[in-house]
Amino acid sequence: MVSFLLSMVALVLGYIFYGKLVERSFGIDAARKTPALTKADGIDYVPMPAWRIFMIQFLNIAGLGPIFGAIMGAKFGVSAYLWIVLGTIIAGATHDFVAGMISLREDGANLTEIIGKYLGKNVRTIMRIVILILMVLVGAVFVSGPAGLLAKLTPAYLDGTFWTTVVFGYYMLATLLPIDKLIGKVYPLFAIALLFMAAGVLGALIWLQPQLPEFIDGLNNTHPSADTLPIFPVMFISIACGAISGFHATQSPMMARCMKNERLGRPIFYGAMVAEGIVALIWAAAANSYFAKNGMSESNAAIVVNNITHDWLGPVGGVLAMLGVIAAPITSGDTALRTARMMAAEFLKVKQERLINRLSIAVPLFFCSISVVIYSQKDAAGFDMVWRYFSWMNQLLSCLTLWTCTVYFIKRNMTDSGIYMASRGGKSNDSLRKNAYMLTLFPALFMTMVCISYICLSPEGFLLPADISYIIGGTFTLLTFVWFLIWKKRIADKASH
């Protein structure tokens with residue numbers, strides 16, 4: 001229990017201290033007008049209160065990942081705590097903050113356009129396809145989970161197919177209506193359910209004092225399939241949204257279009273990721289307790305959630321907590337498809353003020369997402385395959401986003417386009433600006449190693465031996481780093497001339 005509580009404290013301290021360092025390194029200009037004020041259109045660019053934006057951002061990013069992913073990741077032992085804490089503070093929250101703030105500076109541009117500007121047009125073209133596929137997968141996997149859980153809470157005739165239809169109907173409305181008409185109004189209710197769930201499970205952990213793994217016990221791999229599923233890189237893919245997730249960077253531009261001031265960046269972008277890390281940590285600890293009592297044979301995270309909430313919180317509290325778990329993926333699936341609609345509209349140059357224009361883009365996207373749902377619901381293997389591809393693509397996107405942020409910092413240092421309030425910190429702040437790229441460079445290198453190693457050894461990848469996969473992953477990461485150093489020197493030489 002001590003390691004769990006220390007990890008909780010570390011997340012809070014990370015927001016206070018490391019979050020402030022990241023904010024100062026980026027440089028906030030409170031006097032700059034945001035796109036919510038300069039491009040207000042009543043559909044996507046809509047100024048909203050800070051507390052409401054935080055709630056939407058938190059719910060957007062807190063899908064099944066910090067719950068289902070943390071439960072499956074808990075099988076690896078206490079290493080999961082370290083990854084959630086360090087991943088959130090150093091990688092995930094930094095990733096979310098910088099990506100969101102770049103979008104804010106780029107008039108609320110979507111992630112694909114930002115990647116294209118800083119990594120090149122060819123990369124942008126590829127990432128448009130990759131991100132659209134990821135958004136369709138998110139819409140699919142984040143409807144199957146809540147539909148299945150709702151079916152457990154309702155009479156038998158309200159089965160998974162019924163709830164899938166209901167959830168997709170809501171997704172369609174959330175994708176098409178102005179952001180303040182539905183999402184802005186129902187998200188506070190979803191947030192209450194999600195926060196009750198987290199608070200309820202945390203309270204039960206503190207009250208029951210279950211036996212939990214401790215750091216002093218070592219970082220051994222406790223997974224029942226440890227021989228074929230090593231901690232690195234499998235755990236770092238399993239626990240995605242609770243530590244770092246590329247999906248978050250696709251959601252941040254949506255909130256960047258609603259913020260009234262740059263000062264809100266740290267509490268909204270960095271803070272929401274820390275809040276998600278706390279949720280992931282709570283569920284990892286709860287799962288550790290469950291597995292210690294019942295063994296690790298259960299691989300269906302929904303069943304684990306159902307049993308934990310009902311055993312710890314009773315019938316009524318269990319239902320309320322389950323509603324919180326259901327709300328999390330629903331509030332990510334709707335904004336994923338909304339993001340897909342916005343991205344497609346942006347590169348197709350289709351204005352979104354008219355409903356018919358929004359429908360022309362949304363309907364094909366929904367058709368694709370529904371097709372994936374039909375495939376995933378054929379059997380458990382179908383869903384597992386869709387989930388694993390989603391997880392890997394998610395982390396691959398986080399890797400590319402971190403590289404985009406790194407290049408942004410380098411180019412900002414070489415030009416006068418980046419606004420940095422050096423007068424507020426003098427030489428100290430100037431030094432932070434010059435070295436800001438390091439905040440994203442090292443997480444980018446780490447996630448490069450994770451993604452390449454995983455696809456080499458995973459069942460849905462090339463099934464290579466672990467040592468061969470590590471050599472390939474390490475070599476690719478080293479070459480990427482060398483390429484970065486050569487590029488950095490070249491751009492520095494151009495700037496000096």
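This is a predicted model: local features need pLDDT of at least 70, side-chain atom pairs count only at pLDDT 80 or more; totals for chains, interfaces and linings use all residues.
Reader: Which residues in α10 are buried?
Author: In α10, the buried ones are I231, P233, V234, M235, F236 and I237. Buried means under 20% relative accessible area, exposed over 50%, and partly exposed in between, with a 1.4 Å probe and protein chains only. Helices here are DSSP runs of H or I with at least four residues, strands are E runs of at least two, and both are numbered from the N terminus.
Reader: OK, how many helices and strands?
Author: 18 helices and 0 strands.
Reader: Back to burial. How many residues of α4 are buried?
Author: 8 of the 9 in α4 (residues 65-73), so that helix is largely enclosed by the rest of the structure. Among them are P66, I67, F68 and I71.
Reader: Where does E214 sit?
Author: In the loop between α9 (183-208) and α10 (231-238).
Reader: How far is the nearest side chain of opposite charge from E214?
Author: That would be K293, 19 Å away. E214 is buried yet has no salt bridge, meaning a side-chain nitrogen of Lys or Arg within 4 Å of a carboxyl oxygen of Asp or Glu. For charge, Lys and Arg count as positive, Asp and Glu as negative, and His and the chain ends are not counted.
Reader: Then what does the side chain of E214 reach?
Author: The backbone nitrogen of V2, at 3.2 Å. Leaving aside residues up to four places away in sequence, E214 touches M1, V2, S3 and V78; contact means heavy atoms within 4.5 Å.
Reader: Switching topic: is S25 buried or exposed?
Author: Buried, with a relative accessible area of 2%. S25 is in helix α1 (residues 2-26), and its C-alpha is 5.4 Å from that of A436, 411 residues apart along the chain.
Reader: And overall, what fraction of the protein counts as buried?
Author: 58% of the 497 residues.
Reader: What are the spans along the principal axes?
Author: The C-alpha trace covers about 70 × 55 × 40 Å.

How values were computed. Residues are numbered from 1 along each chain as its sequence is written. Side-chain values use heavy atoms; hydrogens and water are left out. A polar contact is a pair of N or O atoms within 3.5 Å; within protein, one must be able to donate a hydrogen and the other to accept it, and residues adjacent in sequence count only if both atoms are side-chain atoms.
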